[in-house]
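I opened my notebook to jot down a few local features of this model.

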Amino acid sequence: MPSNNSLQSLIQSIVPQTRTDEDLRDELFEQCQTILNSHTGSSREGDLAHLGSAMKRQLLQTPSPSPTITAQRFMNLLSRFIEQEAVSRKHSTLLFLHSLSASNSSNAQTFLPSFQQPAPSQAKRPKQNGFLPPASQIKGHDRTGKSKAQILREYRSKTGHPHVSEDLLVRDSLYLLQGISGKYVHLANVPGDASDEKKTLVFKEASNAIIPESTRELIHKLSELGYLYTRVAAFVQAGETNRSMGLIKQSLCHHLQAQLTEYYRIVAVLESQMAQGVAVEDSSSGRSEDRDTGLTLRRLEVWIEEWRLRMRMMSVCVEGCKDTSGGALVSLIHAYTDNGDPFVRQFTDDLLEEVSKPFFGTLHRWIYSGDLHDPFLEFFVGIDPAFEDQQYAAAVNSFDDESKAREGGLSLWQSKYAFRKEMLPRFVGEDFGRKIFSTGKSLNFIRYSCQDSDWISSRNKLDTSGRVLKYSDITGLERSIDTAYQVASQRLYDVLFEKFRLMDHLLALKHYLLLGHGDFAEALLEAMTPYLGKAANNLQRHKLTSSLETAIRATNAQLDPPDVLRRLDARMLEFTHGEIGWDVFTLEYKVDAPIDTVLDPESMRKYLRLFGHLWRMKRVDSALSACWMKITSGSRTFLQLPGDARYSSSNFQYAKIMQFDGAELEGHWHQARIAISEMIFFVRQLQTYCHSVVIEVLWKKLSEFLTKKEGDLDSLIQAHREYLDRTLTKILLLRHRQGKEEQYLGQVREAFQFALLFIEAIDSLYNHSLNEAARRDTAKDQARGVITTPDNSDNTRRALDSDNLSRILRRIREYSKDFSERALHVAVGVQNHEDGDCKFLGMMLAFSDFYSNKRLKMKGEQAVSVAVSERA
């Protein structure tokens, strides 16, 4: 505390008028004493370091001979000053000295204007914005029992510009906190706003009192809480009457109502504080003392600061409910947990703990029972209304028309339940959301399709005892989801592979429809050949089924499980006029629930398509083998027909007609054997490729995946689908180019067709050779006189046979050439295929450069023919 002499010297230096006016000097001295003895200002100590840095910068910017040395001396003095324990208010002292240093004699008249002596012409002019009235106005007042606020109010009353009492404004502010207009402050709608949601404050001042601008700004801050309260209260009130509101919104309304109850309690406390302050003022009327126990606007602002943040968060939730609901609303609230404010984060966590209870209730029922209870569509798992009343069909023991007409298992599995990503809460994550989705679907599938509801019930009782899913235990939630997912998936695999023998069905498809059982395929082909050569409209199904039964009993297929054999059937596809049995025959493997979820109708159509291609290939291979054995076994009887001069002298006409001798016919047979060898090589390389390179390799990968039993039913379906699609693509040589998908498949089928036509031509040549051998024997008998025939008829028949032979040889050459062209295109073309195994097939077909050399030869012949045509 400075001494009286020092303070008087300071006053005289700042206000020169006090040097001659003793009354003014005493008044200012008393005011300074009052200020120094008061405890006004902030209760917390200021930042000394920041203030010291500011004073140091000012010293460095002050023009002086050595500002650096001056600043260094100041820092030394400052450090010593801070260490002094006698001075308690160091920051205030430094701030006061800093303010004095900023003033000089040139601006002494503008510093502390409330201490200046007013000019005579302005003595009667009221000062509305001055902190204190002029000294001449308050000189005679007794300040020992009155506060400065009372002095200021008395002064404003005397000048004719009194302010509205703060007690009245506090009362109106409490009304505003409840969304009610007061006497001086009204809540009014914004002009032009039809929704009545936007509000504005309207101040109504009395004729003899005003509301200062600073007070208006403070009331504006306070009114924000009242406006937010009206929005939240309106939402809660609307939720009480809205029967279609979702469970999560209802939970939100319940939590907001609990918060509003707390809000009503704090408003009641504030009103009691205001009433207490008014009572104290009434009891102390006639005495001048401060009301430390009353409620002021500043104190009101401090009291409601925390509730302002709460109401803001609640208002955000209410606003979000307009466009979102269910899991999306939970995600919206969860986004505020990343806020850096601990209060906002804690409030959001508490809010989520209550709001997410309906979500976790639905989640608990889904992952432990497989039932979806979501009447308001708030969960991230949705159900298709078209499949809502349908359940997975149970396994049946027959394959009648009703079982075919029902909805497929895969269609129900994929379409009944849908994953709604927009409803997935952010704290769950998409990966865990997919696991939850799969877990519930698996349990639902086990319950209704696999008829294993007892296991579901017992597991639900064991797993849910004492376990509650809640937001505050995210780690436990993730652990529970992982465990439920693994248990449900493992149980589903066990049921499919042990109870319903899925592996046996997959092996049956490989053995029968993909012709994996070679002895069965040979026996079936042998049994079906007498019937399949007929017209399709003449086929009888019972003969096909009996032939199938014969093939099963004659091979190791009879050792397969009876449930597998009873599903195997022979049937005819839809046919058109002119088609034969080879074109419409197919094997069928019938499946029912729950196996049809994996072996769906689309997969069975792909199996039938593969069977048709492999069956056609098997037929061509068998026909070529039979043709080769026929011409090889008959070579000793008719393939060498040497001409004999002994018969030419006795029968000159016969010798003339026999222009083609044995050597000429032997050359044609030799070319036929070469063509057959090429066809057999091509077809058997295709068979080796299909079975050894494609089917066995892909089956090995599929069986390894099935042995591991990893993933869920979707993983199993996807693995089988990939196996089947890759098998279909590789065997049928399908391409990915649009419009050219079956380019090589069409050439292979044409090659098969030309091979069959070639075999028919060879059969004609074979029959012609038999006839020719018979004629030779007849000629020998005639020469010996054993039999006699008319010469004219014999000569005519031999002439017709010669023309028929020419046509047969021409057909053989054409069909052999057409087959070679198709085989060349396939062998060379697949080497540029997108698939690596198809390229390997090209290497298998052209490993000896036979087709490459043939291609070069064909190009050379085409170039020569073009050159000759151009010359001509």
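I started with surface charge: D21, E22, D26 and E30 gather in a patch of negative charge. A patch takes residues with over 30% relative accessible area and no salt bridge, with like charges joined within 9 Å. Areas come from Shrake-Rupley with a 1.4 Å probe, and a salt bridge is a Lys or Arg side-chain nitrogen within 4 Å of an Asp or Glu carboxyl oxygen. I placed E22 in helix 2, residues 22-37; helices (H or I, at least four residues) and strands (E, at least two) are DSSP runs.

I noted that this is a predicted model, where local features need pLDDT of at least 70 and side-chain atom pairs pLDDT 80 or more, while totals for chains, interfaces and linings use all residues. Numbering runs from 1 along each chain as its sequence is written, and side-chain values use heavy atoms, without hydrogens or water.

Next I checked confidence: pLDDT (the predictor's confidence in each residue, 0 to 100) averages 81, and 81% of the residues score at least 70. Over residues 135-144 the pLDDT is below 50, and I found 15 contacts for this stretch beyond near neighbours in sequence (heavy atoms within 4.5 Å).

Then I looked at the backbone. A593 and P594 are joined by a cis peptide bond, with omega about 0°. I found P594 in the loop between strand 6 (585-589) and helix 25 (601-633).

Methods: Patches are made of residues with over 30% relative accessible area and no salt bridge: like charges are joined within 9 Å, nonpolar side chains (Val, Leu, Ile, Met, Phe, Trp, Tyr) within 5 Å. Lys and Arg count as positive and Asp and Glu as negative; His and the chain ends are not counted. The place of a charge is taken as NZ of Lys, CZ of Arg, CG of Asp or CD of Glu.
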